[in-house]
Amino acid sequence: MNSIKSVPARVLSRRGGHSLEAEREQFDKSQAISISKAINTQEAPVKEKHARRIILGTHHEKGAFTFWSYAIGLPLPSSAILSWKFCHVLHKVLRDGHPNVLQDCQRYRSNIRETGDLWGHLHDRYGQLVSIYTRLLLTKISFHVKHPEFPPGLEVSDEVLEKTAGTDVNNIFQLTVELFDYLDCELKLSESVFRQLNTSMAVSQMSAVQCRLAPLIQVIQDCSHLYHYSVKLMFKLHSCLPADTLQGHRDRFHEQFRSLKNFFRKASDMLYFKRLIQIPRLPESPPNFLRASALAEHVKPVVVIPEEAPEDEEPENLIEISTTSTTEPQITSDLFEQTFGPPNGVWDDRDAQIESLKKEVETLRAEMEKIKLEAQRYITQLKAQVNSLEGEVEEQRKQKQKALVDNEQLRDELERLQRVKQDSDRSQRLCAEAEKKANATEIRYTKLKEKHSELINTHAELLRKNADTAKQLTVTQQSQEEVARVKEQLAFQVEQVKREAEMKLEDQSVQLEQLRQELDARREELEQAQRSLSHAKQAGVELSAQVDALHAEKEVLRRSVSEKECELLSTRGLIQEKELQLGQEADKATREIRELQGRLLEKSNQEQSLQQKLLDEQFGVLQETVREAQAILRDAMAKLDDPLHLRCTSSPDYLLSRAQAALESTDALEKGHVQYVASMADAAGLVGALALFAHLTGDTIVNGSATSHLAPTDHADRLTETCRECGQRSLDYLEQLKDRQRLGSAQLGDVQEALRGVLQLAQELRPKSLDIKQEELGDMVEKEMASTSEAIEDAVRRIEEMMNQARSESSGVKLEVNERILNSCTDLMKAIRLLVTTSTNLQKEIVESGRGAATTQEFYAKNSRWTEGLISASKAVGWGATQLVESADRVVLHTGKYEELIVCSHEIAASTAQLVAASKVKAEKSSRNLARLQECSRNVNEMAANVVASTKSGQEQIEEKDTMDFSGMSLIKLKKEEMETQVKVLELEKRLEGERVRLGELRKQHYVLAGGCEDAPEDGEARPAPAPRRGILKKPPIAQKPGLGEP
């Protein structure tokens, strides 16, 4: 037996001691225990409580990660029973688990497929079932991943189904095929299970048999929904496509219907399913998809799961299985020791403890080895999973790296092109700036050169001034020497004068005074010369400082000039390098431009070839469509001369609608032809219009032939020839479309003329009885509605009278029951009266909005079938109200049956539904009166249900029930009574089946009689229809559903 004892220690060691981790550890432990108890090798069904815990676990963690982490560790290849129970649990988890379970299971499709392939190759009874079950699970996962609108539980409303199917016929067709495949997988599993049970003649209460039967509960739930969706989609397909196209679908559905009915019948007979699920009953025959009204007869099969009883820990088997032989020696030894005591009369406690300890050691050692093996297997699986994940990550990394490399290459190429453009712009700017700098440098160099020459001239002038100053200084020194000599002379002269003073004192004093004045003047001149000399020395010092400063400035200017010359040379070198680089890049850009131009030319050639190929393919598609259209038209024309088609008949009204539709399709065909001639690259419009035209024209020819079978000879011959001419002209037009030369000049005028001829003949063949009663139809509608209202008012008054009579004549429980029934009948009459009033207002609204400039009588005459439907529906409502009152009267007077009242309630509900349907045919969806009418219809249904409920409760309350006391009977007498009761049950069931068959035949005959009232006479002259009887005492015929071709 497989079991998951505990989570491996390596996994547990990674979890901390926080509360969340402890909760997670407890959750993992509980899930492991539930999985080990649900999925094991015991041949017994999975217990519901273990499966429920696993499903609750998926909702707790919002996925199936924990389930799959333990499921992939199960040794599925070692046991077929283990694999079967694994598939059963996975099916329940998919149906009832969290929505994210589907995505988690999608990741483990390969594991499911490997398990099915393994057991499919082995000749094992459970193994074959596992192989079929895995294919069902894979189909279920694929379907729900592709159509997320359908949950794995398959419970969606009809609105969601309509939205999912959409309006595209191809989508509806594909969805129907997928539902058929889904249902085939479900039915194949059930057939395989029952085939094995039939061969073994098993009893459904045995655990081994229940192990096989348990998954069929989910199969029953899936099949009920799939059957309902298939019926809905098949009716929708038959409303969009011809019946011959869907013959294969109908055959496949009928086969599935028989298989599903057989499956439900076998399951219903088994005692095992009766306490676990309520299986619906399918109708005796499949739905008739060729009759659109059969959709209303379809009843959705509903599967009911009763409330589960508390389960025991272990189920008891009906057949006792002998215990294992290993316990017999132990029992024998225990009896021996109890009788004679232990050996030697002594019981050694120490030996017993040693033996018990040894056994515990061996048990612990075995568990330890098992844990080690399980941990090793878990580690191996984790390693394999890690390796696979690493491989996937590596592959993703390679793909990412490749994408990054491609992205980087594209980015580098883009950046290189941008850089080339920027470098070319920058080079141009640098060249312009370098030229500007060179010009500025030359101008500055010229200015510096001029200033340098000025400085040289200034320096020369200063040198010349210095030389002049030196000369003046020399002259001043010479004058000082002269003064010294003059002093000496003056001193000599003074000595002479002194010597001569005495002689010439008077003369010398005057001369001395003169000499002193001259000496003062000389001294002043000498001081001025000394001051000028000091000034000259100071000026020479300043000039030398200026000369030094000029020399320093000259050196600085020389260095700056040399630096500028170096910069100029380097700039010229950079300019030359940039010019060389720009030349190379320009050459490279030129080569790339040439290469790109070559690629562009190649692409243009490829595009031209592809365009030509597209034109050829579009023309090929057109030719295939033309050939199919020709085949359709030839097949339709073959029906004109086919003797087997003589039994097929049709009405002129239907032929008129088909011919009108075919004539309207020629406008779309002509528009598509013009579009294709203008642009031959798109033939979609012409192809679609051509297919529609071929189908409608073929349908017109076939129905024209069928109509001619009931028409007079002259009209029949003309109609047949016109249909043949229409088909031949259509073939001529299609033959022109096959030739490229004549395709543009193909015209539809001849075809349209032939279709107009068919329309005219169909108009002539229409019955003339409706024209005779045109003026009476409008008045008849108003009279019937008024008579219906009066009948309802009369019914209300009669019910009130019966209420008063019942109060005066009865009391107690009977009075309570009669009052409850009559009150519910009164409420029903009031609801019907409100519905009739609302229907009258809606009809007035329809007439006012649709008649235009015509009168009311003309509008009713134009829409004759709709008008007759209203008249028939109003008659049915009035008749139903009268019958209800009469039945209620008989029930109150105890002369009638409660079942009559229930049937009348159902009949009133059906009649009001007929009136609502007839009123809704031409009403607008946004009409307030239509919404109010639908609300009144629902209210009538509720009131009718209340009448049924009150009638049943009153019946149960009044009827006496005998107490069943079988205590005094013997076993033989009880068996005899049981057999007699079974005989009565079988007789009543047989009688019930006979009555149901009789009811079906009565309804068929009523339908035939009701439909015959509106058929045109077969002879040439149309006979007027008999005027309908007024009154409400007899049930009127059921109104026919208006045709699609009625205006």
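Predicted model: local features only at pLDDT ≥ 70, side-chain atom pairs only at ≥ 80, totals over all residues.

Colleague: What share of the residues is buried?

Modeller: Of the 1047 residues in the protein, 34% are buried. Buried means under 20% relative accessible area, exposed means over 50%, and partly exposed lies in between, with a 1.4 Å probe and protein chains only.

Colleague: And what share of the contacts joins residues at least 24 apart?

Modeller: The share is 81%, among contacts between residues at least 6 apart in sequence. Contact means heavy atoms within 4.5 Å.

Colleague: Turning to helix packing, how do H17 and H18 pack?

Modeller: Helix H17 (residues 652–678) and H18 pack at about 155 degrees, and their axes are 8 Å apart. That makes H17 roughly antiparallel to H18. Axes are lines fitted to C-alpha atoms, for helices over the stretch in contact, and angles run from 0 to 180 degrees between N-to-C directions. Angles under 35 degrees count as roughly parallel, over 145 as roughly antiparallel, 65 to 115 as roughly perpendicular and the rest as oblique.

Colleague: Which hand does the crossing of H17 and H18 have, left or right?

Modeller: H17 passes H18 in a left-handed crossing. A crossing is left-handed if the near helix is turned anticlockwise from the far one by less than a right angle, and right-handed if clockwise.

Colleague: At what angle do H17 and H20 pack?

Modeller: H17 and helix H20 (residues 749–765) pack at about 160 degrees, with axes 9 Å apart. They are therefore roughly antiparallel to each other, and their crossing is left-handed. The contact includes Leu655, Ala659 and Ala662 of H17, and Leu755, Leu759 and Ala762 of H20.

Colleague: Where does Thr697 lie, and what is in contact with Thr697?

Modeller: Thr697 lies in helix H18 (residues 684–708). Thr697 is buried, with a relative accessible area of 0%. Leaving aside neighbours within four places in sequence, Thr697 is in contact with Leu633, Ala662, Cys726 and Ser730.

Colleague: What about H5 and H12: how do their axes cross?

Modeller: The axes of helix H5 (residues 80–96) and H12 come within 10 Å and cross at roughly 40 degrees. H5 and H12 are therefore oblique to each other. Among the residues that meet are His88 and Arg95 in H5, and Gln218 and Asp222 in H12.

Colleague: Now the rings. How many aromatic pairs are there?

Modeller: The count comes to 17 aromatic pairs. Rings of Phe, Tyr and Trp (its six-membered ring) pair if their centres lie within 6.5 Å; planes under 30 degrees apart count as stacked, over 60 as edge-to-face and the rest as tilted. The rings of Phe235 and Phe289 have centres 5.0 Å apart and planes at 65 degrees, so this pair is edge-to-face. The pair links distant parts of the chain, 54 residues apart: Phe235 is in helix H12 (residues 216–238), and Phe289 is in the loop between helix H14 (271–274) and helix H15 (327–340).

Colleague: Are Phe235 and Phe289 buried or exposed?

Modeller: Phe235 and Phe289 are both buried.

Colleague: Where is Lys62, and is Lys62 buried or exposed?

Modeller: Lys62 is in the loop between helix H3 (48–61) and helix H4 (65–71). Lys62 is exposed, with a relative accessible area of 53%, and its phi is near 60 degrees, again a positive value in a residue other than glycine.

Note on methods:
Residues numbered from 1 in each chain as written. Heavy atoms only, no water. Helix = DSSP H or I, 4+ residues; strand = E, 2+ residues; numbered from the N terminus.
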